[in-house]
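Please read the points below beside the sequence and the coordinates.

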Amino acid sequence: MKHETQNIQEVHTLAAQLVETLIDARVVLLQGELGAGKTTFTQGVAKALGINKLVRSPTYTLVNVYSVAHPRIDQLVHVDLYRLALVNEQELKQIGLDELVRNARSLVMIEWPERLEKPVPGLTLHFALKGDVYTVEYK
Amino acid sequence: MKILAIETSCDETAVALVEGDGSSFTVLENLVSSQISTHQQYGGVVPEVAARMHVPVLPPMIAALTGWKKGDIDAVAVTTGPGLSTALRVGVETAKALAVSWGIPLVPVDHIEGHIYANFLDRTVRADAFPILCLIVSGGHTELVLMKDHGEYTFLGQTRDDAAGEAFDKTAAQLGLSYPGGPSVSLAASKGNAEAYILPRPMLWTEDYDFSFSGLKTAVRNLIAGFDSPSDQMIADVCASFQAAVVEVLVKKTHNAAMECMPKTVMLCGGVSANRALRGALQAVFAKTDIAVLVPELTYTTDNAAMIGAAGLRGLVDGKAAQDPLVIDADSAKTLGGHWKWE
């Protein structure tokens with residue numbers, strides 16, 4: 001599937017449309033260059049899940065957790081591995097990610113999954129920005 | 001009163017001895033050991049490495065402090081968050097051990113409050129300096145906070161996506177400049193023309209005190225995507241244009257907030273406070289007003305324990321010390337205690 005969006009508003013709308021698909025996958029890997037729309041997309045997911053808090057870049061905090069009132073999940077977990085070098089399994093434990101990924105009632109969105117030594121299974125979304133067009137692709 | 005302070009929230013191991021009465025603070029000793037060169041080899045911070053590196057470095061650094069003798073330290077202060085939890089824990093557990101064995105109180109300190117108190121180091125900030133409007137700018141934070149008095153915080157605005165320091169780091173990465181990005185972008189910018197490229201000033205005209213730097217990061221990306229093989233001058237021009245955009249938004253929003261809150265002082269806090277263009281622009285905009293501008297000494301802009309000592313001494317005066325140090329724990333997602341202006 002390939003979606004093309006023209007602006008941030010449309011990225012949010014697309015995120016809202018895909019929420020249930022993302023929850024089916026439970027773990028979502030967001031690939032794409034800096035500024036390609038990964039955090040913006042996650043903000044759209046948060047909005048669609050009724051999260052009122054600002055969803056900010058987790059680059060410095062690594063993991064941000066938001067409570068959600070939803071029949072299938074209790075929390076949205078926003079992860080950003082950008083600032084880390086290669087993340088091995090021990091480190092995955094140390095930032096608490098292994099537990100969050102195992103929690104069946106979490107939706108885990110991981111930015112920069114390329115940093116993981118051993119890939120975590122999940123739905124991969126590819127983000128790209130050319131000119132003013134954001135594209136989001138997944139299989 | 002004399003306090004021993006420890007800071008291990010990220011990639012700096014730091015200890016300090018600070019003396020003061022809770023209003024003025026004298027730095028007796030200030031030691032910092034940086035891990036930046038190690039993390040540069042990995043291309044980023046590695047939490048496990050960061051924590052492991054604090055372990056062998058911290059005890060000898062404490063032992064290297066000479067300005068104290070047994071019985072003359074009144075309390076221990078330690079950064080409990082925000083930061084990398086494994087790294088924080090090294091400092092917190094060491095501080096607990098010291099406080100318990102010496103039988104003195106332990107003061108948990110918020111890292112961001114530490115950056116605020118960096119402005120009080122080696123200075124006397126009188127009671128009539130309040131209220132103080134703080135612009136907090138670092139890798140993880142961009143916030144406007146009104147400080148009515150010591151320890152009393154009202155949040156006015158914050159970034160809605162990326163922090164200003166993060167925008168500097170990511171711009172540096174896109175341009176192939178070295179980590180950390182703030183100093184390298186600032187250095188390149190000093191040789192560039194800030195009007196060479198037109199970059200957006202996100203949220204410049206909104207009536208709130210919020211910021212957004214994600215779009216600016218994307219604008220830089222789109223700009224350099226059009227370059228074939230950029231010359232050093234082009235990179236310098238991008239850096240200068242980018243920095244001018246960030247500084248303009250930060251200064252304008254701070255000025256707007258100051259016009260509403262009418263503080264006596266505006267204070268620049270956090271790692272990005274080392275940026276010369278930002279310091280200069282902030283001082284210039286308030287030059288013809290009655291509002292004083294305070295910027296921290298350059299030594300105290302980056303992570304250090306002296307600022308944690310100052311905030312700790314103030315916390316001790318305000319009764320924030322734990323009588324039982326063992327109850328203190330690291331909190332990686334700690335937020336500065338306070339309330340929003342509409343609360």
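**Notes on the two-chain model**

1. The strands β2(A) and β6(A) run parallel and are joined by four bridges; here helices (H or I, at least four residues) and strands (E, at least two) are DSSP runs, numbered from the N terminus, and two strands pair if DSSP finds at least two bridges between them. This is a predicted model, in which local features need pLDDT of at least 70 and side-chain atom pairs count only at pLDDT 80 or more, whereas totals for chains, interfaces and linings use all residues. Residues are numbered from 1 along each chain as its sequence is written, and chains are lettered from A and ligands numbered from 1 in the order in which they are written.

2. The sheet of chain A is open and has seven strands in the order β1-β7-β6-β2-β5-β4-β3, with mixed pairing. Its edges are formed by β1 (2-5) and β3 (63-67) of chain A, each of which has a single partner strand, so one side of each is left without a neighbour in the sheet. From one strand to the next the twist averages 20°, with axes being lines fitted to C-alpha atoms, for helices over the stretch in contact, and angles running from 0 to 180 degrees between N-to-C directions.

3. Two antiparallel pairings in this sheet can be checked residue by residue. β3(A) pairs with strand β4 (residues 75-80) of chain A over five bridges in the antiparallel sense, and A:V65 has A:V77 in β4(A) as its bridge partner. β6(A) and β7(A) are likewise antiparallel, over five bridges, and A:K130 stands opposite A:V133 in β7(A). The hairpin of β6(A) and β7(A) has two residues between the strands, and in it A:G131 takes a positive phi near 60°.

4. Helix α1 (residues 8-25) of chain A lies across β1, β2 (27-31), β5 (106-111), β6 (123-130) and β7 (133-137) of chain A, and runs at about 155° to β1(A). In the loop between α1 and β2 of chain A is A:R26, which has a positive phi of about 70° although it is not a glycine.

5. How are two packed helices described? The description uses the angle between their axes and the distance between the axes. For α1(A) and α2(A), the axes come within 7 Å and cross at roughly 60°. That makes α1(A) oblique to α2(A), where angles under 35 degrees count as roughly parallel, over 145 as roughly antiparallel, 65 to 115 as roughly perpendicular and the rest as oblique. Among the residues of α1(A) that meet α2(A) are A:V11, A:A15 and A:V19, and the α2(A) side includes A:F41, A:V45 and A:A48; two residues are in contact if their C-beta atoms, placed from the backbone, lie within 7 Å. This contact divides into 10 nonpolar, four polar and one charged residue, with Ala, Val, Leu, Ile, Met, Phe, Trp, Tyr, Cys and Pro counted as nonpolar, Asp, Glu, Lys and Arg as charged, and the others, Gly among them, as polar.

6. In chain B, the axes of helix α7 (residues 214-225) and helix α8 (residues 232-261) come within 11 Å and cross at roughly 160°. That makes α7(B) roughly antiparallel to α8(B). B:L216, B:V220, B:L223 and B:I224 in α7(B) meet B:V238, B:F242 and B:A245 in α8(B), and the residues of this contact are seven nonpolar, no polar and no charged.

7. Chain B is divided into domain 1 (2-119 + 300-335) and domain 2 (128-296), with bounds that come from an automatic or database domain assignment. The centres of domain 1 and domain 2 of chain B, taken over C-alpha atoms, are separated by 27 Å. In the contact between them, 12 residues of domain 1 of chain B meet 17 residues of domain 2 of chain B. On the domain 1 side, α1 (36-42) and α4 (111-117) of chain B each supply at least two residues, and the largest share, three residues, comes from α4(B).

8. Two cis peptide bonds in chain B deserve a look. The bond from B:G81 to B:P82 is cis, with omega near -10°, and B:P82 is found in the loop between β4 (75-81) and α3 (85-102) of chain B. The bond from B:F130 to B:P131 is also cis, with omega near -5°, and B:P131 lies in the loop between α4 and β6 (132-137) of chain B.

9. The contact between the chains takes 18 residues from chain A and 24 residues from chain B. On the chain A side, α2 (38-48) and α3 (89-94) are the elements that give two or more residues, and α3(A) gives the most, with three residues. By class, this side of chain A has seven nonpolar, eight polar and three charged residues.
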